[in-house]
Amino acid sequence: MHGIAATAIENSGGSLLSSSRHLLETHPGEGDDVIVRKLRRAAAENLAIGAPEAARRCLERALNEPPDEEDQAEVLYELACASLLTDPEATANQLRRAIDMDNGLSPDLRVEAVFRLSEVIAHSGDLSAAAALCLDESERAPEGPGRIRLLVAHLLYTALQRDEEDGPGRAERVRRLVAEVDPDSEVAHPVRALYAWDLTLRGGSAADALRAAEDALVDGRLPRGLGWTNTTWNFELPALLGLCFAYNDELARAEKLFSSAILEFEIAGWSGAHRGFAYFLMGYARLRRGFLPEAEDFLRRGLRIADRMGTGLPLTWNLVGALIDTLLARGRDHEAWEIAVKYRFLPPYHQTALLLPDVATIYGKLLISRGDYGMAVEVLAETGTRLDKRGWRSTVHAPWAGYLAVAMAHLDLPSARKNGEDAVARAMVSGSPSAIGTALRLAASVWEGVHAVELLQEAVGWLGRSPASFEHAHALVDLGAALVQVGRSLEAAEHLYQGMELAKHCGADGLEVRARNVLASAGLQPSRPPAPPKDALNPQEWEVARLAVRPLPPQRSAEELGIPLGIVKQRLAAVHRKLGTGPEGLADALGMPTDGPGQAG
């Protein structure tokens with residue numbers, strides 16, 4: 001009777017989605033190819049509307065029919081794709097069966113199956129096995145887009161491992177691949193995305209890395225085939241593009257990409273690891289921008305998803321690391337340690353975790369907050385050796401050198417100062433304002449007196465050009481405290497008030513309390529003016545922003561507006577903070593054209 005009902009629905013113009021509910025209840029064993037085809041089409045429609053569980057039921061019933069022998073591998077592959085989001089272990093088994101069948105998959109579909117299998121293996125934590133699988137299959141695949149896909153996946157999973165034997169060699173292979181692929185081919189954009197991320201982690205010019213990231217986009221958008229829910233490429237590639245922007249002070253662009261990920265995963269019904277990873281990405285971007293309560297909220301939402309999926313997953317380590325970093329920034333050191341204990345966030349960490357950002361550096365910061373300087377020095381020095389060996393020198397991804405200086409200061413002050421200088425030199429290579437400003441702030445922490453003031457003044461200047469609000473607040477408070485120490489209390493007051501206000505805006509309660517305490521100890525009133533609106537520029541800030549886009553240097557802007565240079569710099573800092581962008585992205589954020597030097601705005 002269910003079979004009759006299904007036929008009646010179809011004859012009356014009903015959809016396969018409706019009739020499939022009845023086909024699922026019919027008795028299998030007839031080998032009816034018509035039923036198999038209908039169930040496969042119904043599964044495809046269910047996947048298209050974000051109902052993977054319904055698609056899985058249709059394909060399981062189709063297999064039980066059973067399908068013709070030459071179609072069994074394809075149906076197994078389709079079932080694996082439907083189970084990918086809900087049952088990774090079953091997905092892996094089904095894909096292996098489909099790949100191993102004698103009367104199996106076509107060459108193109110075999111590449112798809114291997115690609116999906118590598119994705120499942122990688123997300124379960126075995127990145128080395130995923131990388132090896134893609135490399136082996138690429139050697140037997142014919143020349144063409146399929147082979148490039150497997151090579152890109154191999155290079156991606158190799159790079160995401162905590163340790164790799166030849167990081168510089170892999171980077172060179174990525175560079176050669178970018179040069180070899182046809183720039184107009186469908187594989188060009190994913191290859192460029194991988195290259196942009198590698199440039200970012202190597203710590204070279206931020207401008208070069210951003211240009212490479214732009215080349216991976218089409219008119220500022222993800223190209224066809226590289227979307228968050230598109231199955232042609234791993235969702236890690238658009239994630240890495242977003243991280244390129246986040247690491248290089250284009251946080252507004254990163255947040256736009258990450259918010260689209262959350263939306264697309266929700267629409268597609270991807271409620272597992274994919275959405276958890278999207279929450280991690282958005283939480284990390286909010287942390288970098290200094291919106292700490294929002295960062296904590298996104299990271300805790302992601303962690304709830306990860307907890308449901310099991311223990312020891314790469315996703316969990318990313319979320320826990322970023323959450324600990326956020327809690328430390330908020331001044332909740334004890335709670336950060338409790339999270340570390342609960343999730344066993346201790347060496348040697350997950351050996352194949354997707355370390356974005358580097359969890360060993362975060363653990364070193366956690367040890368510093370507890371006063372365990374000896375262990376912090378050991379962890380951070382080992383981190384630096386490991387990352388330098390693979391050619392990764394980004395001081396945003398892993399600011400280990402600056403924090404090594406902080407920890408070392410309690411054991412060997414001359415060595416600490418050398419480490420601080422090294423951190424600044426590394427950051428200067430990138431030209432990224434937040435990287436340079438943070439490195440200068442950390443370097444200043446191992447000095448006293450006038451030299452500390454000079455380093456912090458420079459740090460405040462750089463961070464004022466970046467969207468990193470918390471780091472800017474931290475540098476302002478540090479500068480105010482350093483000025484108090486050298487007897488310049490009145491000059492310190494303005495920096496302390498600004499830092500306290502910005503700390504309040506960021507949700508950095510511990511930093512706000514510290515600023516109040518320093519003000520009180522200096523005999524100053526620890527009050528604050530009303531906070532400016534965070535999402536809109538006031539008229540004075542618009543004036544400064546308009547001149548910066550022309551572009552005019554701050555001194556010329558000060559002359560044209562008839563105000564002190566220091567006021568111009570303060571207003572520019574507020575502009576960058578509110579818009580979430582550095583100088584390079586200011587025109588786009590304001591929706592204004594960029595004129596040449598000296599031209600009218």
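Start with the rings: Trp 228, Phe 235, Tyr 247, Phe 265, Phe 277, Phe 280 and Tyr 284 are linked into a cluster by ring pairs (rings of Phe, Tyr and Trp, the last by its six-membered ring, pair if their centres lie within 6.5 Å; planes under 30 degrees apart are stacked, over 60 edge-to-face, the rest tilted). This is a predicted model, where local features need pLDDT of at least 70 and side-chain atom pairs count only at pLDDT 80 or more, while totals for chains, interfaces and linings use all residues. Residues are numbered from 1 along each chain as its sequence is written, and side-chain values use heavy atoms, leaving out hydrogens and water.

A search of the whole structure turns up eleven aromatic pairs. In one of them, Tyr 279 and Phe 298 are tilted, 6.2 Å centre to centre with 40° between the planes. Tyr 279 sits in helix 15 (residues 273–289) and Phe 298 in helix 16, so the pair ties together parts 19 residues apart in sequence (helices are DSSP runs of H or I, at least four residues, numbered from the N terminus). Tyr 279 is buried, at 6% relative accessible area, and Phe 298 is buried too, at 14% (buried means under 20% relative accessible area, with a 1.4 Å probe and protein chains only).

Two arginines lie over tryptophan faces (CZ of Arg within 6 Å of the ring centre and within 35 degrees of the ring normal):

| Arginine | Ring | Distance from ring centre |
|---|---|---|
| Arg 370 | Trp 337 | 3.9 Å |
| Arg 390 | Trp 392 | 3.8 Å |

Then there's helix 26 (residues 489–506): its buried residues include Ala 492, His 495 and Leu 496.

Notes:
Buried means under 20% relative accessible area, exposed over 50%, partly exposed in between (1.4 Å probe, protein chains only). Helices (H or I, at least four residues) and strands (E, at least two) are DSSP runs, numbered from the N terminus.
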